[in-house]
Amino acid sequence: SFCCFLRFDEIKEGDVVRHEGKRSDGYLEHIFKHAAKELFGMDVKEITYKALKNKDFQEVTLEKDGETVLRFAAAYGFRNIQNLVLKLKKGKFLYHFVEVLACPGGCLNGKGQAQTEDGKPDKALLNQMEEVYAAIPVRLPEANLHVQKMYQDWLEGMDSRKAQETLHTQYSAVNQTVSNLDIKW
């Protein structure tokens, strides 16, 4: 957590903001638009989610010159997460980025939310929460003064070596022998 580096005493109650997206889920929409602009010079205004096997497994793609250059997915709920892990193990993983949330329907539909008396999600309350969330103004992370201050004071600039070492990583294939500690999906 980087909150120890930021001075939150300067934030006022009216400063509540959200990231891009229609719901309170992760940052898929923001990252997709940012990647489209930075990697391919494309300014994407709106993204279209395509439901695949069910409404909690959706895909977003970017095409350039007839070729799919970005493929993102949102997988909500353990069934969809398990399917993604299986595809990954089989080498049939097509995605550049996957947003994974344990709760079917996303964060606002989590177990900490209000439910009907029979323990099912309260759809009317869920719709109301989504409307309230959508009414909060959007502020992109890179436009946030606190994030800019963190880059300046703690990370020594956006493109500094410290920022690169702290916030970026690389992955490489690792050959492991199967052990009894492996989780079987």
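This is a predicted model: local features need pLDDT of at least 70, side-chain atom pairs count only at pLDDT 80 or more; totals for chains, interfaces and linings use all residues.
Biologist: How many residues does the chain have, and what share of them counts as buried?

Modeller: A residue is called buried when its relative accessible area is under 20%. The chain has 185 residues, and 28% of them count as buried. The accessible surface of the chain is about 13,700 Å², and carbon and sulfur atoms hold 53% of that surface.

Biologist: What share of the contacts in the chain with a separation of 6 or more comes from residues 24 or more positions apart?

Modeller: Contact means that heavy atoms lie within 4.5 Å. Among the contacts in this chain with a separation of 6 or more, 51% are between residues 24 or more positions apart.

Biologist: Where is Glu 59 found, and is Glu 59 buried or exposed?

Modeller: Glu 59 is found in strand S2. Glu 59 counts as buried because its relative accessible area is 10%, and the limit for that word is under 20%.

Biologist: Which residues does Glu 59 touch, not counting residues up to four places away in sequence?

Modeller: With those residues set aside, Glu 59 touches Thr 48, Tyr 49, Lys 50, Leu 52, Arg 71, Phe 72, Ala 73 and Tyr 95. For Arg 71 there is a further detail: its side chain and that of Glu 59 are joined by a polar contact of 3.5 Å. Tyr 95 shows how sequence and space may be read together: Glu 59 and Tyr 95 are 36 residues apart in sequence, and their C-alpha atoms are 9.0 Å apart in space.

Biologist: What does the side chain of Gln 58 reach?

Modeller: Gln 58 also lies in strand S2, which covers residues 57-64. The side chain of Gln 58 reaches the backbone oxygen of Lys 55, at 2.7 Å. Beyond residues up to four places away in sequence, Gln 58 touches Tyr 49, Lys 50, Ala 51, Phe 72, Ala 73 and Ala 74.

Biologist: Which residues other than glycine have a positive phi?

Modeller: Two cases may be considered in turn. Asp 65 is not a glycine, yet its phi is positive, at about 55°. Asp 65 lies in the loop between S2 and strand S3 (67-76), and it is exposed, with a relative accessible area of 78%. Glu 156 likewise is a residue other than glycine with a positive phi, near 65°. Glu 156 has its place in the loop between H4 and H5, and it counts as exposed at 57% relative accessibility.

Biologist: Where does Ala 102 lie, and which residues is it in contact with, leaving aside its neighbours within four places in sequence?

Modeller: Ala 102 lies in the loop between strand S4 (97-101) and helix H3 (123-135). At 39% relative accessibility, Ala 102 counts as partly exposed. Apart from neighbours within four places in sequence, its contacts are Gly 77, Phe 78 and Ile 81. The C-alpha atoms of Ala 102 and Ala 75 are separated by 8.4 Å, and the two residues are 27 residues apart along the chain.

Biologist: How much space lies in the largest pocket, and which residues are the closest to its centre?

Modeller: The largest pocket holds about 920 Å³ of space. It is lined by 23 residues, and those closest to its centre are His 34, Tyr 151, Met 158, Leu 167 and His 168. The elements that give two or more residues to this lining are helix H1 (28-40), helix H4 (145-153) and helix H5 (161-167).

Biologist: Which element gives the largest share of that lining, and how do the residues of the lining divide?

Modeller: H1 gives the largest share, six residues. By residue type, the lining of the largest pocket consists of 13 nonpolar, seven polar and three charged residues.

Note on methods: Residues are numbered from 1 along each chain as its sequence is written. Side-chain values use heavy atoms; hydrogens and water are left out. On a 1 Å grid over the protein atoms alone, a cavity is a set of points where a 1.4 Å probe fits but cannot get out, and a pocket is an open set with protein on both sides within 12 Å along at least five of seven lines; lining residues have an atom within 4 Å of a point. Grid points are joined across faces, edges and corners, and a volume is the space filled by probe spheres set on the points. Helices (H or I, at least four residues) and strands (E, at least two) are DSSP runs, numbered from the N terminus. Ala, Val, Leu, Ile, Met, Phe, Trp, Tyr, Cys and Pro count as nonpolar, Asp, Glu, Lys and Arg as charged, and the others, Gly among them, as polar. A polar contact is a pair of N or O atoms within 3.5 Å; within protein, one must be able to donate a hydrogen and the other to accept it, and residues adjacent in sequence count only if both atoms are side-chain atoms. Buried means under 20% relative accessible area, exposed over 50%, partly exposed in between (1.4 Å probe, protein chains only). Accessible areas come from the Shrake-Rupley method with a 1.4 Å probe; for residues, only the protein chains shown count as cover.
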